[in-house]
2 protein chains.
Amino acid sequence: MAVATWHFADRFIEASRSLGNPLCVGLDPHLERIPHGFGVRLDDLGGEATANGVESFFVAVLDSCAGKVPIVKPQIAFFEQLGWRGIRALERIVAHARDRGLLVLLDAKRGDIGSTAQAYAQSYLWPESPCHADALTLNPYLGLDSLEPFVAASRSHGVGLFVLARTSNPGASDFQSLLVDGEPLYQRVARALAPVSDALRGASGWSNLGVVAGATYPEESERLRQVLPHTLFLVPGYGAQGAPVSSALRGFVRHGGRLEGGMVSSSRGILFGTGPLEASRRSSVAEWHRDFVTRLDTSRDEVGAAVALAG
Amino acid sequence: MAVATWHFADRFIEASRSLGNPLCVGLDPHLERIPHGFGVRLDDLGGEATANGVESFFVAVLDSCAGKVPIVKPQIAFFEQLGWRGIRALERIVAHARDRGLLVLLDAKRGDIGSTAQAYAQSYLWPESPCHADALTLNPYLGLDSLEPFVAASRSHGVGLFVLARTSNPGASDFQSLLVDGEPLYQRVARALAPVSDALRGASGWSNLGVVAGATYPEESERLRQVLPHTLFLVPGYGAQGAPVSSALRGFVRHGGRLEGGMVSSSRGILFGTGPLEASRRSSVAEWHRDFVTRLDTSRDEVGAAVALAG
């Protein structure tokens with residue numbers, strides 16, 4: 001996989017073209033589903049054994065993902081839950097993913113102001129960051145000035161930013177869908193982001209400013225696409241949250257005989273399947289690994305076929 | 001200082017009555033202002049020396065705060081910036097603060113859905129959390145269901161929650177002030193939170209569900225108070241961000257001859273003053289400590305006088 005350019009969106013588009021799919025594997029360590037053999041101890045979340053077990057689990061995941069999918073998305077909450085040893089494990093996992101040629105989108109949904117936003121950007125998006133990701137998810141509630149330090153990091157270091165627009169949970173409509181001058185808030189957020197997105201476009205035409213657009217609301221993805229023609233969509237909710245791949249791709253656009261314009265993310269569905277929790281934890285490491293690779297290949301083929309079929 | 005109850009708001013009210021002020025000292029390690037003698041190395045943010053220097057700095061801060069103010073507010077971004085060693089330092093600082101009888105409100109502005117929100121609650125609000133705070137700031141953009149795991153933690157463990165309503169930055173108006181059916185979004189968010197707030201009231205009458213209400217918009221604090229009569233306000237922006245104490249207290253209400261109803265927060269202004277950056281870093285540890293205690297006492301007296309004068 002060639003990652004020749006500095007610009008996140010360009011690198012993502014190049015990788016997903018060459019690999020034939022825009023699948024994003026979410027790295028959510030649901031501890032109670034990790035096979036016992038990895039050594040995770042549910043009665044000692046902050047301990048060394050648990051952090052080491054999570055690290056081993058994801059090294060195995062990443063080694064199977066390399067060369068198959070363009071990008072992975074660690075969910076930082078599950079690492080924070082393990083205390084400082086969890087963050088140390090996350091730093092190592094992120095570095096390992098990048099070593100294996102995978103792009104890393106850190107799902108942290110940060111949002112704060114001024115020097116605090118600057119500190120978050122410095123935590124994850126600078127080349128010298130202890131946990132150096134290629135892209136980060138952000139929350140827009142605090143306003144456009146809260147995004148500035150992240151946009152500056154994108155300009156200087158080519159990193160990607162994914163701002164929450166329409167999320168995939170039932171309660172998303174509580175505020176995101178409220179009507180402002182006749183249009184829903186998420187659309188208004190998207191409209192406010194449009195000039196920033198335009199300013200961060202790369203050679204591929206796609207921008208380093210992306211948005212999160214939940215797969216459970218496909219019509220809304222289409223509306224977002226009208227406002228943000230050059231913005232990558234991070235589409236969570238494919239797989240475990242029940243949305244079919246056709247819904248997940250509704251905001252994508254035709255380009256060179258394929259559908260393009262974002263990444264489709266699945267976490268639990270690929271990592272653990274949908275079987276009973278106890279069975280998941282009791283399976284051997286080898287059994288889990290075999291089943292995981294099967295699910296990974298199936299998801300990749302499904303998403304790959306869906307973007308290609310449009311040609 | 002007696003902290004006899006389990007309910008965050010009750011403990012905060014009791015402590016601020018007994019200490020005579022509702023001042024919250026923000027723990028924001030602006031590294032370039034920490035006196036050189038603490039050993040912070042700006043060229044090695046992720047290193048052991050920097051994390052140890054930040055820890056020593058805040059142990060000194062906390063030892064001076066104990067018995068003078070009811071609550072401190074670490075800003076997690078500045079610790080994340082230091083990598084896992086920064087989180088380890090934060091865990092120790094939070095534990096030290098609680099040991100010294102200070103309440104700890106962790107400023108993390110987290111917001112996510114389902115099992116991810118649950119993981120955040122477990123990271124900071126459970127008795128067995130590696131970083132066990134008394135209260136946490138939250139972002140409402142993802143909707144009411146995203147708050148549920150935090151509300152459940154409040155019910156089980158008595159912790160406080162502070163949801164962003166109206167923040168103190170200039171860009172806050174980009175989305176928070178947009179009109180929805182004739183009222184600003186932040187007011188709509190507040191209205192949606194009102195039943196949750198009512199359900200989490202303690203013996204003091206105040207609720208464990210609070211909101212963030214920036215001191216730079218005092219009229220808006222008054223409007224929030226109308227919708228949320230029993231909700232504590234976290235009022236940032238006093239001090240360094242320039243708002244006078246009278247503005248910061250505009251959402252407070254008279255109770256027993258005093259103003260009550262929240263906490264007034266100052267970070268940089270108290271920790272470092274407003275002098276030139278270089279002078280701050282070059283002062284000796286003893287000089288900084290003497291000046292810090294003076295600023296702490298001055299702020300405490302100013303805020304204390306302002307809430308008492310109303311009687």
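How closely do the axes of helix α8 (residues 185-199) of chain B and helix α9 (residues 218-227) of chain B come, and at what angle do they cross? In this predicted model, the two axes come within 9 Å and cross at roughly 25 degrees, where axes are lines fitted to C-alpha atoms, for helices over the stretch in contact, and angles run from 0 to 180 degrees between N-to-C directions. That crossing makes α8(B) roughly parallel to α9(B), a term for angles under 35 degrees. Helices (H or I, at least four residues) and strands (E, at least two) are DSSP runs, numbered from the N terminus. On the α8(B) side, Gln187(B), Ala190(B), Arg191(B) and Ala194(B) meet Arg223(B), Leu224(B) and Val227(B) of α9(B); two residues are in contact if their C-beta atoms, placed from the backbone, lie within 7 Å.

Residues are numbered from 1 along each chain as its sequence is written, and chains are lettered from A and ligands numbered from 1 in the order in which they are written. Because the model is predicted, local features need pLDDT of at least 70 and side-chain atom pairs count only at pLDDT 80 or more, while totals for chains, interfaces and linings use all residues.

Turning to chain A as a whole, its secondary structure comes to 13 helices and 12 strands. Its radius of gyration is 19 Å, close to the 19 Å that the globule rule gives for 311 residues, so chain A is as compact as a globular protein of that length; the radius is taken over C-alpha atoms, and the rule is 2.2 Å times the number of residues to the power 0.38. Of the 311 residues of chain A, 60% count as buried, meaning that 20 or more other C-beta atoms lie within 10 Å of a residue's own, with 12 or fewer for exposed and partly exposed in between. Gly20(A), in the loop between α1 (8-19) and β1 (23-27) of chain A, counts as partly exposed because it has 18 C-beta neighbours inside 10 Å.

The two chains also meet each other. Their contact takes 49 residues from chain A and 49 residues from chain B. On the side of chain A that touches chain B, α5(A) gives the most, with 7 residues. A rotation of 180 degrees with 0.0 Å of shift along its axis superposes chain A on chain B (RMSD 0.0 Å), by least squares on the C-alpha atoms of residues with pLDDT of at least 70 in both. That is the relation of a two-fold axis.

Technical notes:
Angles under 35 degrees count as roughly parallel, over 145 as roughly antiparallel, 65 to 115 as roughly perpendicular and the rest as oblique.
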